[in-house]
Amino acid sequence: MDYPRNRLMTPSLSYFFYLQVKRLHRTIGDWGISPWLAYIGAPLLFTGGSVGLFSRTQYASWIYIAIATAVLVQLCGSTRLRFLQQVFDRSTYWRIRLLENILVIVPFMLFLLYRREVWFAGSLPAVAIAALPFRIGVAGTAVLPTPFFRHPFEFIVGFRSSFGVVLITYILLVVGVYVGNGNLSLATLPLMVFVCANYYAWSEPMLYVWVYRLAPQSFLGMKVKAAFRHLTLMLLPMVLAIGSFFPDYWRLVLAVSVAGYGYLALAVLAKYAAFPRGIGIPQGILMALSFVFPPLLLVSLPYFFRKAKNNIALIL
């Protein structure tokens, strides 16, 4: 007896997702922690972060949708999608895109349904479908211009790869100003800092560090100062807008901005503390705690500075 074939999960599609799971499993293992511990801890952290967000602002649902959209945008890199189109036929390619987007929005939908935010939960499938043809990055010789010139490369590469997320962040700022909600506008500042800090999640080739004839502390100081200059370009329009439309928020804007610069410095130091490897899970947890509880920066910044200084001294 012949059974009907599964029209959605073809063998090539199943193998693709099998490889993605295997890569994730190996990557977590390379970080020095048990993959199963990560699989258990990640949902707990996601739930805890979601509860914390919804307990702090009445506009959490909008921010939640923006975060989900930002994650979807990360799957829309032009180079990645071009590779998938070269490897798979047209039908398999679109199935991969659809299933990836569904997997991304499911956790957000479940929590929104738990919060009885039915309208927001129902909007996520529409966002996932709308993101299917969306691409970030420009094919061919055209290059997306940036305000960061040629140095440092982290902001140039990061800005081009996260342009959609940056655009969404500015849109949220405009929405906050339009509806007269200072809290929503203020929330875009740490979101932008988090996006920029993520530019330092990946390490350059060792040669890019070795060519500098600097003492370790001078090299780290140069990197932090450059990061501060370029973060200022990203935050200045937002700070001026919030300060102009919500004058009573100046103290909060100042406090959030200072904490943001501290967190960006932490991201730079953490990168070179682990260089040339990527930032491990324990270090990432400490960074996340510092982001949620900024006074912890008083401990994490000196800690990562010492580790980065000792590590870079072996290369310079």
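Colleagues, I begin with Tyr272. Leaving aside neighbours within four places in sequence, Tyr272 is in contact (heavy atoms within 4.5 Å) with Glu154, Glu204, Val209, Phe219, Leu220, Lys223, Ala308, Asn311 and Ile312. Please note that the model is predicted, that local features need pLDDT of at least 70 and side-chain atom pairs pLDDT 80 or more, and that totals for chains, interfaces and linings use all residues. Residues are numbered from 1 along each chain as its sequence is written, and side-chain values use heavy atoms, without hydrogens or water.

Lys223 belongs to helix α11, residues 216-245; helices here are DSSP runs (H or I, at least four residues), numbered from the N terminus. Is this lysine, Lys223, buried or exposed? Lys223 is buried, with a relative accessible area of 4%, where buried means under 20% and exposed over 50% (1.4 Å probe, protein chains only). The side chains of Lys223 and Tyr272 are joined by a polar contact of 3.4 Å, that is, N or O atoms within 3.5 Å, one able to donate a hydrogen and the other to accept it. Beyond four places in sequence, Lys223 also touches Phe153, Glu154, Tyr200, Glu204 and Val268.

I turn to the core. Which residues touch the most other members of the largest nonpolar core? Of its 52 residues, they are Phe155, Tyr199 and Tyr272; such a core joins buried Ala, Val, Leu, Ile, Met, Phe, Trp, Tyr and Cys through side-chain atoms within 4.5 Å. At least two residues of this core come from each of α3 (60-74), α7 (153-161), α8 (163-179), α9 (182-197), α11, α12 (250-274) and α14 (297-312). Apart from this core lies another, of 20 residues, among them Ala60, Phe108, Phe111 and Leu184.

Finally, I draw attention to Arg116. This arginine, Arg116, lies in the loop between α5 (90-114) and α6 (118-130). Arg116 is exposed, with a relative accessible area of 73%, whereas Lys223 is buried. The phi of Arg116 is near 60 degrees, a positive value in a residue other than glycine. Most residues other than glycine have a negative phi.
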